[in-house]
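Subject: Structure handover, with notes on its salt bridges

Dear colleague,

Please read them slowly, and look up each residue as it is named.

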Amino acid sequence: MTSFWVGKRVRLRGIEPGDALAFQRLAEDEERLGDLLNPPRSGESYRTWAEKQASAHPDSDRFQLAVEAVATGDVVGGVGSHHADPRSGWFEYGVTIGAEHRRGGYAAEAAVLLLRYMFAEHRYHRCQVRIFAHNEASLALHRRLGFVEEGRLREHAFLAGRHRDVVMMGMLADEFAQLHSMTT
């Protein structure tokens, strides 16, 4: 049996203390993309965060994982489930890939691995994502994965000096199963 967490391009794994610099770079890439703007953080704050992630007891419905390139072993991104409502059967997730690794299929494969886990193993019925309307690459990725645009929150987020629209997209478990394998 192949690992549930390994695809052709990526391996999803827990965050290690040594991943701090990679996640710091990911945050900087998101800021350049216009998806994040926070005050600068120290390298020490990223090290503390990574150490805390590495030693935390995993919550099976809300978690953050490193996306590692199978070919090189480098951390190329992160993926995680950020909100979950087991009673109603929905969860929200996010994926980010470093600038130098985008357009290599890493985000799509990492997303499918995470979605498969949440739909097949935890029996969630629905996944939703919130994407800034200016992030055309992420919108296109989610359409390719099978997500459907469900609405737009006009001028919902204030980022980099202006209000931004947020696009809500969703996918149901049976829609996922029609497009992607539910097993490894």
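A salt bridge, as the term is used here, is a side-chain nitrogen of Lys or Arg within 4 Å of a carboxyl oxygen of Asp or Glu. Side chains of opposite charge can pair when their charged atoms come close.

Please keep in mind that this is a predicted model, in which local features need pLDDT of at least 70 and side-chain atom pairs count only at pLDDT 80 or more, while totals for chains, interfaces and linings use all residues. Residues are numbered from 1 along each chain as its sequence is written, and side-chain values use heavy atoms, with hydrogens and water left out.

By the rule above, the count is nine salt bridges. One of them joins Glu92 to Arg130, with the closest N and O atoms 3.1 Å apart. Glu92 belongs to strand S4 (residues 90–97) and Arg130 to strand S5 (residues 126–132), so this pair ties together parts that are 38 residues apart in sequence; strands here are DSSP runs (E, at least two residues), numbered from the N terminus. Glu92 is buried at 8% relative accessible area, whereas Arg130 is partly exposed at 48%, where buried means under 20% relative accessible area, exposed over 50%, and partly exposed in between (1.4 Å probe, protein chains only).

Which residues are linked in a network of salt bridges? They are Arg11, Arg13, Asp19 and Glu68. Within this group, the side chains of Arg11 and Glu68 meet at 2.7 Å, N to O. Arg11 is partly exposed at 34% relative accessibility, while Glu68 is buried at 11%. Asp19 and Arg13 also form a salt bridge, at 2.8 Å from N to O, and here Asp19 is buried at 6% and Arg13 is buried at 13%.

Leaving aside neighbours within four places in sequence, Val95 is in contact (heavy atoms within 4.5 Å) with Gly78, Val79, Ala107, Ala110 and Leu141.

Definitions and conventions
Helices (H or I, at least four residues) and strands (E, at least two) are DSSP runs, numbered from the N terminus.
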